[in-house]
Amino acid sequence: MKHPLIIKFLTGRQEEVNLLRPFHPRDKQLHVELLRCQENVVIPLEELCYIMVLDQSSWQLPIKAGELVEQIETTTGETFKLRVPPKQSYKTGFYAFPVDQSASYRNIFFTLAGIRQRIEERPLSDILEENGWLEDNKINEILSEQEQLRSRKVGEIIAENAKLQPEAIEELAHQAEGTAQGKKVRLGDLLIQTGLVTREQVESALETQSAGKKKRVGELLIEKELITEEQLLIALSAKFRMPVVNLTETSPSQEALDALTRNMVLQLKVLPIKLENRRLTVATSDPTDPTIGDNLRFFTNLTIDFVAAPASEIKAAIEEHYGVAEEEEEEISDLIGELSGEQIDIDEDSEDMVDSTVSETDSQIITLVNRILLDGFRKGASDIHFEPGLGNQPLQVRYRVDGVCAIAHQISANYKKAMISRIKIISKLDIAERRKPQSGKIAMRSDRRKIEFRVETTPTTGGQEDAVLRILSSSQPLKVTEMGFSERNRELFLDMLSKPYGIILCVGPTGSGKTTTLHSALGHINTHDRKIWTAEDPVEITQPGLRQVQINPKIGFTFDQALRSFLRADPDIIMIGEMRDAETAKIAIEASLTGHLVFSTLHTNSATETVVRLVEMGMDPYNFANALIGILAQRLARRLCNNCRETYQPTTEDLELLAHAYSEEFYQQHELPSSPEGLTLYRKVGCEQCNQTGYRGRISIHELLPTSELVRRAIKEGMPLEELRDLAIENGMRTLMMDGVAKILAGHTDLEQVLRVCM
């Protein structure tokens with residue numbers, strides 16, 4: 001029987017699934033069926049925030065002894081009020097059940113990596129009273145005193161400190177209510193003018209008022225000597241679900257100490273204790289502050305487990321292991337990324353730097369943004385996503401590496417508006433405009449390298465703005481032999497490139513490597529006796545010998561206008577970055593019929609679908625069929641890490657899955673392995689080089705449709721898509737799925753990744 005679940009990824013993505021195999025917290029993966037596409041997948045538990053069980057049958061269990069109600073806040077920004085059974089010793093997470101018996105779900109399994117904060121619903125006073133540390137009536141006295149401190153006026157404090165009569169202060173307060181012009185006069189300034197107090201006394205009173213408003217119940221209890229600091233820490237650790245450790249009896253590991261810098265532990269007042277399997281255990285004396293975890297997750301990119309320890313023990317341990325603290329320490333934001341020593345410059349115009357919301361004191365924000373951009377480039381990201389959370393939720397930074405988005409850092413909510421403003425400043429956008437999307441560009445120079453970022457800001461819920469930066473590094477084109485073609489497809493593609501005129505199309509979704517493929521093709525035929533024009537938006541790859549043009553739709557310079565200009569500029573070869581409309585497609589086909597070799601891209605799913613799509617766009621079937629040299633559809637799948645992949649002998653069921661994906665009829669016709677005997681495949685494992693994912697880099701999967709007389713006749717006759725596809729396969733074409741299965745058998749990737757990009 002399939003059990004319905006809702007799974008929430010650490011990235012914030014949510015999926016409705018059916019559980020295919022029983023799950024236990026000790027398992028490292030989840031076998032599920034995605035409801036949106038009926039695809040069976042295996043999801044690593046380390047990628048999940050929680051698993052919500054929707055099956056409510058027989059779930060109404062009585063509350064167990066010791067079971068407490070908690071408020072659970074996840075790193076994805078959700079908050080749940082649940083009851084948590086005691087004595088759960090799972091290393092991966094814990095189960096929780098709804099308080100409301102009419103809830104729409106049975107229970108939730110939270111992974112430890114997905115927890116931002118856990119808080120017991122019991123008041124702190126109840127915990128103190130249960131342990132016999134506080135009398136029943138004392139907490140009410142402290143709460144009353146706290147309210148008095150929060151409502152205390154500056155005048156009262158000044159009168160008390162300066163020994164003035166309250167009546168004199170009240171009379172002056174009435175005078176300070178306003179002037180004839182309606183402007184308010186501050187009481188402190190009036191007292192200074194009359195000579196009753198000094199400015200130092202007023203400033204001291206303001207500091208006293210501010211400190212009083214911030215005082216917590218625990219501090220007041222300690223000041224009144226009603227409880228000790230140790231008793232308060234034990235009570236807070238129970239409320240916030242943190243174990244208490246004795247640091248005098250604990251020896252931190254060197255790996256843990258190396259995970260945090262000295263400046264970081266001094267600023268956050270924490271001590272790293274243990275580092276195992278990318279889980280860092282950290283001691284804190286303030287269990288109530290969730291931003292400490294936010295900052296540590298951002299700085300280290302590790303899962304953080306907290307334990308509680310007295311502030312005095314943490315301070316002594318820091319001095320022992322990191323050295324005596326200095327009077328002045330660097331801001332923690334200046335330490336992000338540990339990329340010191342490298343010169344980073346942003347190209348920006350000083351006249352565009354007017355910004356009332358970002359002051360000159362925000363130098364740490366400038367450093368922070370610069371280092372994130374450089375860090376993303378170094379880690380091979382194609383895109384960097386800045387995603388501010390709602391309210392006090394942190395800003396999440398995600399990198400897309402090898403086609404997959406993953407959380408790189410989480411930054412305290414205090415920085416999110418300043419960071420987005422900084423990105424808009426250096427990309428020359430209007431920082432005052434937060435209601436509509438904006439597009440811009442950033443140019444960065446780092447140690448003689450030039451890195452460009454295409455910036456897109458988009459308004460999101462709660463008055464926030466997301467920013468997505470596409471990295472446009474000045475890369476060199478790959479050789480055709482390095483493109484991952486099968487031997488047959490490589491020979492066919494090289495034959496297509498040898499044609500003197502006609503049109504070659506490369507199709508696929510955004511991010512599938514179309515531009516890289518076309519530039520590889522141009523690099524193969526780029527000789528001194530050929531004039532090559534390209535129109536691109538943006539120009540991502542540059543090559544000597546190419547005359548490359550940047551499209552600018554804002555001024556009306558579009559692909560069709562560039563193409564018309566090229567035809568008057570004596571071209572041999574033309575590359576159009578994208579055929580976005582029928583007009584551009586029509587001109588491109590006409591250009592290919594008049595003796596030019598034309599390359600272009602299209603956002604379609606397969607080679608045969610492209611033929612039908614262009615005919616439906618209004619292209620003349622006869623002209624198109626005569627002009628077409630071939631169509632290359634492609635995808636990029638994650639490649640198995642060569643350092644840690646392991647061999648295994650597939651089962652009969654494994655081969656049946658491959659045959660089903662390939663098409664059982666053609667699997668036999670193409671004489672692919674039908675017996676597991678003597679066959680070796682590879683599967684992912686995970687190591688430091690691939691960041692424990694099991695994948696490193698990407699491999700291209702191709703579907704190449706070269707034109708023949710049969711294909712041209714089929715296009716002219718308007719053959720339906722399915723029939724055209726079957727005809728192409730009979731004439732030697734391999735579909736994307738077929739090429740993907742062939743690369744699985746060759747040990748380059750696995751079925752999970754092929755299905756992800758080819759379904």
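User: What is the mean pLDDT of the protein chain?

Analyst: The mean is 81, and 80% of the residues reach 70 or more. Here pLDDT is the predictor's confidence in each residue, from 0 to 100.

User: Where does pLDDT stay under 50?

Analyst: Residues 325-344 stay under 50, and the model gives them 50 contacts beyond four places in sequence; a contact means heavy atoms within 4.5 Å. The pLDDT is also below 50 over residues 349-361, a stretch with 16 contacts beyond near neighbours in sequence. Where pLDDT is low, the predicted coordinates should not be read in detail.

User: How many helices and strands are there?

Analyst: The protein chain has 26 helices and 29 strands. These are DSSP runs numbered from the N terminus, with helices being H or I of at least four residues and strands being E of at least two.

User: And how much of the chain is buried?

Analyst: Buried residues account for 48% of the 759 residues. Buried means under 20% relative accessible area, exposed over 50%, and partly exposed in between, with a 1.4 Å probe and protein chains only. Of contacts between residues at least 6 apart in sequence, 64% join residues at least 24 apart.

User: Turning to sheets, what is the strand order in the open sheet of 10 strands?

Analyst: The order is β4-β3-β2-β1-β5-β9-β8-β7-β6-β10, with antiparallel pairing. The edge strands, β4 (39-44) and β10 (115-120), each pair on one side only. Two strands pair if DSSP finds at least two bridges between them.

User: Why is β5 described as largely enclosed?

Analyst: In strand β5 (residues 48-53), 6 of the 6 residues are buried, so the strand is largely enclosed by the rest of the structure. Strand β1 (residues 3-9) pairs with β5 in the antiparallel sense over 5 bridges, and Leu5 stands opposite Val53 in β5. β5 also pairs with strand β9 (residues 107-111), again in the antiparallel sense, over 4 bridges. There, Ile51 has Phe109 in β9 as its bridge partner.

User: What about β26, is it enclosed or open?

Analyst: Strand β26 (residues 628-640) is largely enclosed by the rest of the structure, because 12 of its 13 residues are buried. Its pairing with strand β21 (residues 502-507) is parallel, over 5 bridges, with Ile503 opposite Leu628 in β26. The pairing of β26 with β29 is antiparallel, over 10 bridges, and Leu632 stands opposite Leu704 in β29.

User: Which residues does Ala588 touch?

Analyst: Not counting residues up to four places away in sequence, Ala588 touches Ile503, Leu563, Met579 and Val598. Ala588 is in helix α18 (residues 582-593) and is buried, with a relative accessible area of 0%.

User: Now helix α24: which of its residues are buried?

Analyst: In α24 (residues 721-730), Leu724, Leu727, Ala728 and Ile729 are buried. The buried residues of α24 pack against α19 (607-616), α22 (664-669), β29 (695-706), α23 (709-716) and α25 (736-745). Just after α24, Gly732 takes a positive phi of about 110 degrees.

User: Which residue has a positive phi of about 60 degrees although it is not a glycine?

Analyst: That residue is Lys428, in the loop between α14 (416-426) and β18 (438-446). Lys428 is partly exposed, with a relative accessible area of 38%.

User: And where does Ser663 lie?

Analyst: Ser663 lies in the loop between α21 (652-662) and α22. Although not a glycine, Ser663 has a positive phi of about 105 degrees. Ser663 counts as partly exposed, at 23% relative accessibility.

How values were computed
Residues are numbered from 1 along each chain as its sequence is written. This is a predicted model: local features need pLDDT of at least 70, side-chain atom pairs count only at pLDDT 80 or more; totals for chains, interfaces and linings use all residues. Side-chain values use heavy atoms; hydrogens and water are left out.
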